[in-house]
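This report describes the fold of one protein chain and then turns to selected residues.

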Amino acid sequence: MNKRIIDYRDCAGAIIKALQPGILITTKAGDKINAMTIGWGTIGVVWEKPIFVAYVRDCRYTYEMLLKNPEFTVNIPVGEFDKKTLGLLGSKSGQDMDKIAAAGLTPVEPEVISVPGLKEFPMTLECKVILDQRQEDRNLPDELRNRFYRIQENDHFCFYGEIVASYVIEP
């Protein structure tokens, strides 16, 4: 498989647009690889570094894996893809099953970090976490807090990942 190097800035709009239906964040701790659907994320420049911020609830297995290995890939579909994959990876826990195998996804060797990309979601950002921070829901307006944080023990953490490689996996 080939990888076509891309400039993340040229694809930022497409990445933000893809967030609405969902994209994937992939993690790896030890020999275990896990992927999860996310719909919240941002891409830009922070501290003069290219950054993707992933928002992950602290009750998710992905959160646990990110604490063990602070690296992740962001995997974005290009063209047609099986939308059922987003449902499976967003509703099941990698703690209970091998979601990569269940979804029929193909891990692809990374360039810089230890976490693979996914052939079926070929636009890939490799990220190293440089900051993780609890999102303080108490600072939000009541409307947002009541809509997204009715259960207090399910806070989001913001994982600021420096983008260290960006490419499209090609067959």
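Contact, in this report, means that heavy atoms lie within 4.5 Å. The model is a predicted one.

## The chain as a whole

The protein chain contains 5 helices and 10 strands. Its radius of gyration is 15 Å, close to the 16 Å that the globule rule gives for 171 residues, so the chain is as compact as a globular protein of that length. The C-alpha trace spans about 50 × 40 × 30 Å along its principal axes.

Of the 171 residues, 48% count as buried. The accessible surface of the chain comes to about 9,000 Å², and carbon and sulfur atoms hold 47% of this area.

Strand β2 covers residues 23-29 and includes Thr26. Thr27 also lies in strand β2. Thr26 has a relative accessibility of 0%; because buried means under 20%, Thr26 counts as buried. Thr27 likewise is buried, with a relative accessible area of 0%.

Which side chain does the side chain of Thr26 meet in a polar contact? The partner is the side chain of Asn75, at 2.6 Å. Beyond the residues up to four places away in sequence, Thr26 touches Ile33, Asn34, Ala35, Glu71, Phe72, Thr73, Asn75, Val115, Pro116 and Leu118. For Thr27, with neighbours within four places again left aside, the residues in contact include Lys32, Ile33, Thr62, Met65 and Leu66.

Helix α2 comprises residues 61-68, and Tyr61, Thr62, Tyr63, Met65 and Leu66 are buried in it. The buried residues of α2 pack against β2, β3 (32-38), β5 (49-57), β6 (71-76), β9 and β10 (156-170).

| Residue | Relative accessibility | Class |
|---|---|---|
| Lys99 | 3% | buried |
| Lys119 | 38% | partly exposed |
| Ile5 | 64% | exposed |
| Glu48 | 80% | exposed |

Lys99 lies in helix α4, residues 99-102. Not counting residues up to four places away in sequence, Lys99 touches Asn34, Ala35, Met36, Leu88, Leu89, Lys92, Ser93 and Gly94. Lys99 and Ile33 are 66 residues apart along the chain, while their C-alpha atoms are separated by 8.6 Å.

Lys119 is placed in the loop between β8 (117-118) and β9 (123-134). When residues up to four places away in sequence are not counted, Lys119 touches Met1, Thr106, Val108 and Ile169. The C-alpha atoms of Lys119 and Ile169 are 6.1 Å apart in space, although 50 residues separate the pair in sequence.

Ile5 belongs to strand β1, which covers residues 2-5. Leaving aside its neighbours within four places in sequence, Ile5 is in contact with Ser166 and Tyr167. A separation of 27 Å is found between the C-alpha atoms of Ile5 and Thr62, which are 57 residues apart along the chain.

Most residues other than glycine have a negative phi. Trp47, which is not a glycine, has a positive phi of about 55°. Glu48 also has a positive phi, of about 60°, although it is not a glycine.

In which loop is Trp47 found? Trp47 is in the loop between β4 (41-46) and β5. Glu48 is found in the loop between β4 and β5 as well. Glu48 counts as exposed because its relative accessibility is 80%, and exposed means over 50%.

Technical notes: Residues numbered from 1 in each chain as written. Predicted model: local features only at pLDDT ≥ 70, side-chain atom pairs only at ≥ 80, totals over all residues. Heavy atoms only, no water. Helix = DSSP H or I, 4+ residues; strand = E, 2+ residues; numbered from the N terminus. Rg over C-alpha atoms; globule rule 2.2 N^0.38 Å. Buried < 20%, exposed > 50% of the residue type's maximum accessible area, 1.4 Å probe, protein only. Areas by Shrake-Rupley, 256 points an atom, 1.4 Å probe, with all protein chains shown as cover. Polar contact = N/O pair within 3.5 Å; in protein donor to acceptor, adjacent residues only side chain to side chain.
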